[in-house]
Amino acid sequence: MNAVSSFIEAFASGKIRVVDLTQTLSPEFPYIALPPEMGQAWPFRIEEVSRYDERGPAWYWNNFSCGEHTGTHFDAPIHWVSGKDLPNTATDSIPPERFIGPACVLDCSRESAADPDFLLTVEFIKTWEKQHGQIPAKSWVLMRTDWSKRHDPVEYQNYDETGQHTPGPDVDAVKFLVAERDVLGFGTESIGTDAGQAYHLRPPYPCHYFMHGAGRYGLQCLTNLDQLPPTGAMVVAAPLKIRNGSGSPLRALALVSS
Amino acid sequence: MTQEISRPRKKNPVLRTRLPTLPPAARSRIALGLTAAAAQGRFELQQCGECGSVQYPPREACQSCLSTRLSWKEQSGEGELLASTVLHHSNDLFFRERLPWRLGLVRLGSGPMVVTHLHGDVPAAPAKVRVAARLDRAGQAVLVALPDKETPHMADDRQLREFTCDPKFRKVLVTDGKTAVGQALVKGILKAEADLVWVGHAEPWKKFTGLDELQIIPQVTLVPLDLTDSKNVRELAAEIGGKVDILINNSEYHRAFGIANRQGVETARAEMDVNYFGLLRLAQEFGPAMRSRGADGLASAVAWVNLLSIYALANFPSHGTFSASKAAAQSLAQCLRAEMRPAGVRVVNVFPGPIDDEWNQLLPPPKIAPQSLANAVVKALRDGIEDVYPGDVAQEWLERWRDNPKALERELAA
């Protein structure tokens, strides 16, 4: 029996469970906010074309609009200036095998609840590895913060007069994951792969800077990470094939043993 | 003396809501000159350029010397009430429902004799009066004789209230409470004794200056409202649309760009999405409910206010895409006015010059203060004015635009 037929058999017999890591795309879901003088990404918006009515008697459909970085979405390396000159870094040119990969889920939910500005450190990663083994190369590293359980947009965005306060990795953790663990990418539950206050890190937005600078990917606004095992889940995260796209909303799924 | 109106009793929900009717609306093209002035709160009559006589009703030629050299001149309205009568019967649907109705015959100081609606505080003839041109529910100018001096609760006169959009005891939606203008509007409208105010705020996770102050006002209810989100507008209208008596659309998106100094269309599109499509979304969702309540008692649905810009008249190239979005909004507001008129709901368009806010930071004064803009809106509602050009810059631009639109185009491009 070949590998795919074993998979089909395992899937058919219910040995594999699918976990949806995707937030519902809706106008209410928060979106990234930049200073108002800068260009702004479109939030998700939807307009009805017809609904079995005079605009189209037998069919219902909508037009929707949004930016490439809306809802649960994929960041391609070309998104960041550090990744702009690398080969195969846009949504249409990334080799498709990169869209499937194993996941290591680092549970930072307790730390993030205690401190919304929590930064994931190398020390935290090494402690995790002592328990679950070394992060294998070409893995997604997913930072579980339970941020997706903040259903109130105000709580989710968590702004005050100094900006956003959400957890993320620190500079050294990102460098370590890229250089020492050769990860596929980094994923979070909050609005960005970087912490809310990451503009004040050196360099600003280290996860974007170093991950994309090394041709790695990002996933953000993930949900249901609490349903994944620390290791052993397979993530399927394929962005839309937008020509020269910097990212795209997507349906992120994880396959886990049931 | 006018009895001060008291807070209307709660509506009896088992009774049918009275449908709006309108007073007679037909006017000749010449007579619309009276309406054009009244729309801005002025009383103008034709004066003859040959013999100097002032005439009423408006005609194609001078009634004294047949000259056609007539021009519209502002009138003080001073006059003397010669006789008054009270109407107890009418076959006109609008007046039939509002009887008794007081009418007067006034000799204006400038000459003509006019029939007017008569304020309750004007004593029996002979009496000094001040005649004003007001828009009625059909949107046409009529003459109203007011007491020559202010009387207590004068605005509460039952007949006068049919011509105004007084916020007193009315429920108001201000679509954007995040701006200084929005906050001044909320406070101004409450000072004018509005019953309550719903205050919209988009992107509720972005804390804004003045939020705490708004939140503690007991008559204020904050509602998430983003005019770019059709579902949001629809759901808010479903929730409160049937209670909004005055809608003030002050939401705007403003960036200071022309064509050449900003790449791409994203900023311009965002301006159109709020300034033009936002108005369209609001009008589609709130319009029908307001139209159905145009005659709903003492606190009926009565007015829709749009914060436009003097740049809607002529493009200000350094704020070129913003100007274009406001011109589009003005055109749509004219459509809305036509659609709201059958219900007697007035569409008030406000055309300020530059507002003293962060998006006009680099423009030199004079810039209109948010407070002055809010005062102008409240005054327009109280006086029943339809086109408002608040502040010196707006007035000057209006004057120059009227005089020679092409000259203004060149001047603004300089």
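Before anything else I noted the cut-off I need for a covered face: a residue is buried if 20 or more other C-beta atoms lie within 10 Å of its own, and exposed if 12 or fewer do. I also reminded myself that I am looking at a predicted model.

**Entry on chain A**

I began with strand β13 of chain A, residues 233-236, and asked which of its residues belong to the covered face and which to the uncovered one. I found A:A233 and A:V235 on the covered face, whereas A:M234 and A:V236 lie on the uncovered face.

I then looked for the partners of β13(A). Strand β5 of chain A, residues 100-107, pairs with β13(A) in the antiparallel sense over four bridges, and there I saw A:I100 standing opposite A:V236. Strand β15 of chain A, residues 253-257, is also antiparallel to β13(A) and is joined to it by three bridges, with A:L255 as the bridge partner of A:M234.

**Entry on the sheets of chain B**

In chain B I traced an open, antiparallel sheet of three strands, in the order β2-β1-β3. Strands β2 (54-55) and β3 (70-74) of chain B each have a single partner strand, so one side of each is left without a neighbour in the sheet. I counted five bridges between β1(B), residues 44-48, and β3(B), and I noted that B:E44 is opposite B:E74.

I next followed an open sheet of seven strands in chain B, where the pairing is parallel and the order is β11-β10-β9-β12-β13-β14-β15. Its edge strands are β11 (220-224) and β15 (387-388) of chain B, each of which pairs on one side only. Two bridges join β14(B), residues 346-350, to β15(B), and across this pairing B:N349 faces B:D387. Helix α9 of chain B, residues 370-383, packs on this sheet and touches β12, β13, β14 and β15 of chain B, with its direction at about 150° to that of β14(B).

Going back to B:V348, I listed its contacts beyond four places away in sequence, which include B:W304, B:L381 and B:I385.

**Entry on the contact between chains**

How many residues of chain B are in contact with chain A? I found 11, and they meet 13 residues of chain A. Helices α6 (230-240) and α7 (266-291) of chain B each supply at least two residues of this side, and α6(B) gives the largest share, with three residues. By class, the side of chain B that touches chain A has three nonpolar, three polar and five charged residues.

How values were computed
Residues numbered from 1 in each chain as written. Chains lettered and ligands numbered in written order. Predicted model: local features only at pLDDT ≥ 70, side-chain atom pairs only at ≥ 80, totals over all residues. Pairing = 2+ DSSP bridges. Contact = placed C-beta atoms within 7 Å. Nonpolar A, V, L, I, M, F, W, Y, C, P; charged D, E, K, R; others polar. Axes fitted to C-alpha atoms, helices over the stretch in contact; angles between N-to-C directions.
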